[in-house]
Amino acid sequence: MSVEFSVALGKEKMIFNTGYLAKQADGSVALSYGESIVFASAVYSRDVKEGQDFLPLTIDYREKSYAGGKIPGGFIKRESRPSDREVLVSRLSDRPIRPLFPDDFTNEVQVIIYVLSADRENQQDVVAINAASAALSISGMPFHGPVGAVRVGRIAGEWVINPTYSDMENSDLDLVVAGTKKAVTMIEGSAKNVSEDDVFEAVKHAHQFIVKLCEAQESLALSVNKPKIEYQGFKTDEALKAEIESGYRGELETLANYKKKKEREDAFDRIVKKAVEELSEKYPDSIGQTGGIMHDLDGQIVRKMILEKGVRADGRGLKDIRPIDIMIGIFPRTHGSAVFTRGETQSLGVTTLGSVSEAQRLDNIEGEKEKRFMLHYHFPPFSVGETGRHGGVGRREIGHGMLAERSLSYVLPSDLEFPYTIRQVSEIFESNGSSSMASVCSASLSMFSAGVPLKDAVAGIAMGLVTEGDRYAVLSDILGLEDHVGDMDFKVAGTSTGITAFQMDVKVEGIAPEIMKVALQQAREGRLHILGKMNEVISKPESNLSPHAPRVKKIKVEVDKIGGIIGTGGKTIRRIIEESGADIDIEDDGTVTISAVGKESIEMAERIILSIVEEVEVDKIYEGTVKRIMDFGAFVEILPGKEGLLHISKLDKHRVQQVTDVVKLGDKVRVRVINIDDKGRINLSRKDAL
C-alpha cells in the first residue's frame, strides 16, 4: 500500500511516498519537489564479516539522463562512471547520515539514490539527503535519524528556503544545512563574503524547517511500521579492554611528549606491539582488538588533556595556530606557484592560465555550461608517510578540491576583466590536518604570484571541538588526531572581511548554537592571523604575467559579421590561426577572444579579424592585392573577401595601353574607393591614390 506525507518548503511541497517502487528493498522512498523526483533505496547485508569492527556504508547518488529528457553523450550513449557532481552529492548525503548508526552495527549498508525527473529549476542535492534518510528510517535498521536537509539562500536581505537555480543568481549565500530534530549536524556551502553572524542566522533559520522534514519522516516510518531488525553487534572483549586500560594507560600518556606526527605514531605502534606480545597468549581470540582499544584509550587521554588543562596533543593552546612558512614563484616555467606549510601540513599550489577554448564543458541533466576556473586536489600516499593506491582521483580528493574551489570563486575576476581559463592544482606533500584549507591558502598565493587579479586574498582554517557534558573546548587549526578523536570538523574560508565557504561535520548528535557562534568567531581570528602571514609574503597580484603564460585579448564584432570571420566550412578562421599562430574563440554574442603566448601573434590575428569585419568606406585609401586581371582592368582585394574593380582608365594619370603595364597578379597596390554602386560593387582608383 502506498503511503504519502508532505511538507511545505519554499515555493513547493516536498512529498514523501513509499510502498509502490522497489518493494523488495528494506526501505525505498520516492521524494518529489516541484517536478523533480528523487528515489532512494536502503538495503543491509544479513551476513557480517567475522571480526569486522566498522560500518561499511555506501551511499551512491546517480543522475539519469532521461530525468532531464536527454540522451547521454559520448560513443556508448549510456550512463557510465559517476561525474564529479554525483560524487559530491553522494558525499553530501553520506556525511549527516553516517554518524547516526550505533557503533556496534557492522552490517554492510548500501543506499542507492536515482534522480528520476529533473525540472531544471529545483536542485536535487537536498532532496537526495532527505530521500536517503527516509529510506533508512523505514528500513528497520538501527538508524538514529531521521535527518532533514534544506538549502538556504539570501535574496535582497531575505532568507529563502530551497531557492531555485534562477533564484541563486541573485543570492549572496548558498548554504546546505542538515540535521536532526535536536540539532544541526552538517553545513556546507559558499558565500559572497558574508559575515559570521549572517552564517549563524542562516543556520538557525534552516533548522526550523529541518524539524518539519524530520517529523514527516517519522510519520512515514510509523505508517510503514516495520519492526527493528535484530543484529549481532561487534562486541569488545571487556576483560582485554580493562587490562589494557590498567596496564598501558601510563605508557599512552607519555605520547604527549611527542610533538611530531610520525614520531607519535611510531611510539604508539611500539606500545601496541608490546601489548600484543604480552597479552596474545591470554587473549588469543580477541588480541586483534588491541589496536582499536588503544586508539580509543589514546583518544580519551587527548580529550581529557584538552578539557582539563587546555593543552593539545602537540602542546599548543586551544587558539594557537601552527608555525606558517610560505614560498612563492618557485618554478621557472609554471605561470604561478606557491608552497604553503602550516605545521606538518603542506600544499604546493600551481596556477596554469589557458585560453577561453580550454574551459571545461559540463554536460548534466540541467544542460550544458562552461567552467573557467578549476581547482584540482591531489593527495598522494607519501603525504602521510604511507604506501597506497596512486592513480585515479578518489571521492575524498574530489570533495576537498571542490571545497577549496568554492572558497576562491567569489574573489575571481570577471571574464571580461581577465579572459583566461584558470586551472589551479593543489599537490599535498604533507598532511596532518586540514589539507583542504591549506589548499585554499596555497591557491590564493599562487594566483597572486601568477598575476591573477583576485579581489582579495583568501585563507582557510579547520576548527575542532571536544565536548563532555556541559564542558566544551573549541580548537583552532586542528591536527589529524584531533579531527579523529574530536566531535566536530568545521572548515571556514574567507577574506579579511567575510566568509566565502564553509563545511561542518558533527560526530555527536548536534552542537548548541552558542558553541557554533564561538567556533565562527574563533575561526575568524585564526583566519586573520593566517592572512597576515600570507600578506607579509605577497599582498597583491603581480603586475605582470609569466612570460610563459598566454596573452589574451577580447574584441567585439557585430553578430552578423561572425560568419565572415569563420568562413565557409571554417576556412577563414583556420587561415587566421595558421598565419598568426593565435588561438581564436568566437561566442554567439560577437565576443572574439584571441590568445597566444606572443604579443605579435595576437596583434596579427586582431588586425586580420578587424579587416574582415570592417566596412568599405568611400574616399578611403586601402592597400590591396591584385587578385584577377582582365582586359578592362584589375580586381583588387582591399579587405579580406572584399574586392573592387580598378578600371584601366583609373590605373595611372597617363593613358595605359595594357593593364599589365602597371600591375601584375599578386602585386600590392594603393587604391582609393571612388564609389560603391546600388548593387554593392566597389569601384577603385589608383590614379586618385597616387
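Q: Is F105 buried or exposed, and what is its relative accessible area?
A: This is a predicted model, in which local features need pLDDT of at least 70, side-chain atom pairs count only at pLDDT 80 or more, and totals for chains, interfaces and linings use all residues. Residues are numbered from 1 along each chain as its sequence is written, and side-chain values use heavy atoms, with hydrogens and water left out. Buried means under 20% relative accessible area, exposed over 50%, and partly exposed in between (1.4 Å probe, protein chains only). F105 is buried, because its relative accessible area is 0%.

Q: How many aromatic pairs does the structure hold, and what kind of pair do F101 and F105 form?
A: Rings of Phe, Tyr and Trp (its six-membered ring) pair if their centres lie within 6.5 Å; planes under 30 degrees apart count as stacked, over 60 as edge-to-face and the rest as tilted. The structure holds eight aromatic pairs. The centres of F101 and F105 are 5.9 Å apart and their planes are at 10 degrees, so this pair is stacked.

Q: Which parts does the pair of F101 and F143 tie together?
A: F101 is buried at a relative accessible area of 4%, and F143 is buried at 6%. Their rings form a tilted pair, 5.4 Å centre to centre with 45 degrees between the planes. Helices (H or I, at least four residues) and strands (E, at least two) are DSSP runs, numbered from the N terminus. The pair ties together parts 42 residues apart in sequence, because F101 lies in the loop between α1 (84-97) and β6 (109-117) and F143 in the loop between α2 (125-137) and β7 (148-155).

Q: Which residues form one aromatic cluster with F101?
A: F101 pairs with F143 in a tilted arrangement. The cluster that holds F101 also includes F105, F143 and Y231.

Q: Which residue lies over the face of F379?
A: A charge sits over a ring if NZ of Lys or CZ of Arg is within 6 Å of the ring centre and within 35 degrees of the ring normal. K64 lies over the face of Y114, at 4.4 Å from the ring centre. Over the face of F379, at 4.3 Å from the ring centre, lies R396.

Q: Which residues of α4 meet α2?
A: Contact means heavy atoms within 4.5 Å. On the α2 side the residues are N130, S133, A134 and S137. In α4 they meet L213, Q217, L220 and A221.
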